[in-house]
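Please keep the viewer open as you read.

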Amino acid sequence: MSRDDRFTVTTGIARLCASPGLAGPGRLGLVTNHTGVLPDLRPSAPALLEAGARLVALFGPEHGLYGTAQAGGGESGGVDPATGLPVHDTYRCEGERLDKLLIDSGVDALVHDLQDVGARFYTYVWTMFDLMVSAARTGLRFVVADRPNPLGGLVSEGPLLDPAWAGFVGRAPVPVRHGLTCGELARRLNTSAVPEAAGRQVDLTVIEAVGWRRAMDAGATGLPWIAPSPNMPTPATAAVYPGTCLFEGTNVSEGRGTTQPFEIVGAPYIDARFAPALTELALPGVHFRDLRFVPTFHKHAGRPLRGVQLHVTDRDAFAPVRTAVAMLATLRRLYPDDFAWADGADSGFIDQLWGSDRLRRAIDAGEDPLPLCDPPAPPGRWAGEDVLLYP
């Protein structure tokens with residue numbers, strides 16, 4: 001048995017290392033980070049060089065090339081000691097600055113190999129989008145070395161983003177849980193959002209992940225889980241993230257500063273009523289456990305908090321977005337004088353996360369917000385069947 005025989009899925013980057021010609025001619029820049037590994041855990045950049053690819057530069061996203069930065073941070077550029085290649089930090093770099101960075105790098109094409117988690121908020125897909133736009137403007141080709149969506153690809157959930165609330169947690173009309181791979185999402189963005197931003201489509205190639213099926217979640221692929229960012233330690237985190245990331249827009253801790261970010265939420269004012277109130281809602285596929293914790297950093301650092309842990313009991317039935325919306329409405333009902341949306345520098349962040357102000361307005365008005373959540377649906381319904389690559 002060869003090393004790759006152990007894996008159900010062959011990722012796009014593994015196929016590219018086996019056949020560097022799949023990326024086309026010219027000098028390549030690799031958009032990657034610590035998740036850019038082959039199924040046997042070899043880093044993709046040195047593996048591409050060893051395979052004979054004309055790789056000349058590396059580009060890092062939020063959290064940096066090595067994944068060391070917390071949310072909202074990047075790493076400085078320099079030279080990657082493993083390959084000797086220059087490293088360019090793309091975080092918060094867009095427009096003319098990003099165009100100039102690409103031109104100065106001397107690449108002819110960009111190869112994108114980042115592990116997404118399937119939620120609109122996760123910024124790696126918007127790094128991809130910004131680079132697609134700049135590549136279109138500067139005449140570069142764009143290649144996506146595709147990877148599986150760790151949530152599977154059968155379901156999308158949540159509203160499309162209203163462009164009036166576009167930001168780096170959502171630049172184009174995409175639902176909260178999009179249900180696509182990066183390659184499929186790139187194909188969708190290249191139909192309208194990229195031409196609207198750049199005046200033309202980008203020359204796009206997707207190197208498909210062979211063997212992936214839409215019914216496969218992260219565990220079914222046989223691929224190793226590399227935490228895509230510091231607060232995404234396990235597939236269980238990714239499963240709840242499309243919902244509990246909404247707590248970033250509130251004064252409730254989303255569990256940063258603990259070993260279970262996004263699986264637990266809590267606040268100083270939450271008491272013994274919260275968990276039973278959630279249980280009474282009988283939300284499908286999830287149980288809520290009352291717990292107490294003390295975050296070591298971020299929101300409420302060092303303070304004793306009470307809240308709940310989400311225990312997903314049925315991945316197919318669990319609807320993370322609808323679950324989180326019901327939790328937010330329950331918090332407003334139980335703690336009307338204490339629950340609040342994030343303020344200060346994050347004012348309005350809940351609207352960016354949701355993709356409009358409708359959720360915030362409904363909850364503040366005491367209305368039932370669940371009608372804002374359409375039932376989970378196949379992703380082809382919003383994206384178009386023609387962008388889908390996998391059965």
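## Cavity and pocket

By the grid rule used here, the count comes to 1 cavity of 30 Å³ or more. That rule works on a 1 Å grid over the protein atoms alone: a cavity is a set of points where a 1.4 Å probe fits but cannot get out, a pocket is an open set with protein on both sides within 12 Å along at least five of seven lines, and lining residues have an atom within 4 Å of a point. Grid points are joined across faces, edges and corners, and a volume is the space filled by probe spheres set on the points.

Before going further, note that this is a predicted model, in which local features need pLDDT of at least 70 and side-chain atom pairs count only at pLDDT 80 or more, while totals for chains, interfaces and linings use all residues. Residues are numbered from 1 along each chain as its sequence is written, and side-chain values use heavy atoms, with hydrogens and water left out.

The largest cavity has a volume of about 40 Å³. Its lining includes Leu114, Asp116, Arg147, Asn149 and Cys182. The largest pocket holds about 690 Å³ of space. It is lined by 34 residues, and Ala71, Gly72, Glu248, Arg256 and Phe349 lie nearest its centre. Helix α11 (residues 349-354) gives the largest share of that lining, 3 residues; helices (H or I, at least four residues) and strands (E, at least two) are DSSP runs, numbered from the N terminus.

## Sheets and strands

Strands of a sheet pair through backbone hydrogen bonds, either parallel or antiparallel. Here two strands count as paired if DSSP finds at least two bridges between them. An open sheet of 7 strands has the order β3-β4-β2-β1-β5-β6-β7, with mixed pairing. Its edge strands, β3 (78-79) and β7 (203-207), each pair on one side only.

| Strands | Sense | Bridges | Facing residues |
|---|---|---|---|
| β5 (109-113) and β6 (141-145) | parallel | 4 | His112 and Val144 |
| β8 (264-267) and β10 (305-312) | antiparallel | 4 | Gly266 and Gly307 |

Buried means under 20% relative accessible area, exposed over 50%, and partly exposed in between (1.4 Å probe, protein chains only).

## Ser105 and the cysteines

Leaving aside neighbours within four places in sequence, Ser105 is in contact (heavy atoms within 4.5 Å) with Phe59 and His88.

A search of the whole structure finds 0 disulfides, a disulfide being a pair of cysteine sulfur atoms within 2.5 Å. For Cys17, the nearest cysteine sulfur is that of Cys182, 17 Å away. Cys17 is buried, with a relative accessible area of 13%. For Cys373, the nearest cysteine sulfur is that of Cys245, 15 Å away. Cys373 counts as buried because its relative accessibility is 3%.
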